[in-house]
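This report describes selected residues of a predicted model and the contacts between them. Please consult the sequence and the structure shown below while reading.

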Amino acid sequence: MLAAKRAALAAHASQEDVGWMLGMPQEQFAMAFGDEWFIEEGRPAGVVDGHPLLDG
């Protein structure tokens, strides 16, 4: 997943705010962007399996 993130950033390398991210060493990049957490508004707290649109 990190390789895909780095590739996506590289596709937008002309953007002013991307260069510093691409210049990060791999280990720092992994620490900064390796984990993603999302909170879906309206979902009950905790881990919930399923998809809100497909599972009702």
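Ala13 is partly exposed, with a relative accessible area of 43%; here, buried means under 20% relative accessible area, exposed means over 50%, and partly exposed lies in between (1.4 Å probe, protein chains only). The residue lies in the loop between H1 and helix H2 (19-22). Helices (H or I, at least four residues) are DSSP runs, numbered from the N terminus. Not counting residues up to four places away in sequence, Ala13 touches Val18 and Leu22, where contact means heavy atoms within 4.5 Å.

## Basis of the model

The model is predicted: local features need pLDDT of at least 70 and side-chain atom pairs count only at pLDDT 80 or more, whereas totals for chains, interfaces and linings use all residues. Residues are numbered from 1 along each chain as its sequence is written, and side-chain values use heavy atoms, with hydrogens and water left out.

Arg6 lies in helix H1 (residues 2-10).

A polar atom of the Arg6 side chain lies 3.1 Å from the backbone oxygen of Leu22. Beyond four places in sequence, the residues that Arg6 touches are Met21, Leu22, Met24, Pro25, Gln26 and Phe29.

## The nonpolar core

The largest nonpolar core consists of 5 residues: Leu9, Val18, Met21, Met24 and Phe29. Such a core is a set of buried Ala, Val, Leu, Ile, Met, Phe, Trp, Tyr and Cys residues joined through side-chain atoms within 4.5 Å. In soluble globular proteins, nonpolar side chains tend to be buried together.

Met24, a member of this core, touches Arg6, Phe29, Ala32 and Phe33, again leaving aside residues up to four places away in sequence.

How many aromatic pairs does a search of the whole structure find? The search finds 1. Phe29 and Phe33 form this pair, which is tilted, with 4.9 Å centre to centre and 50° between the planes. Rings of Phe, Tyr and Trp (its six-membered ring) pair if their centres lie within 6.5 Å; planes under 30 degrees apart count as stacked, over 60 as edge-to-face and the rest as tilted.

Because Phe29 and Phe33 are 4 residues apart in helix H3 (residues 26-33), about one helical turn separates them. Phe29 is buried, with a relative accessible area of 1%, whereas Phe33 is partly exposed at 25%.

Lys5 is found in helix H1 and counts as buried at 16% relative accessibility. With residues up to four places away in sequence not counted, Lys5 touches Phe29, Phe33, Gly34 and Glu36. Gly34 lies in the segment after H3 and is partly exposed, with a relative accessible area of 26%. Under that sequence limit, Gly34 touches Leu2, Lys5 and Phe29. Gly34 and Asp55 are 21 residues apart in sequence and 28 Å apart in space, C-alpha to C-alpha.

Ala3 is also found in helix H1 and is exposed, with a relative accessible area of 61%. From C-alpha to C-alpha, Ala3 and Ala30 are 9.7 Å apart in space and 27 residues apart in sequence.

Notes. Helix = DSSP H or I, 4+ residues; strand = E, 2+ residues; numbered from the N terminus. Polar contact = N/O pair within 3.5 Å; in protein donor to acceptor, adjacent residues only side chain to side chain.
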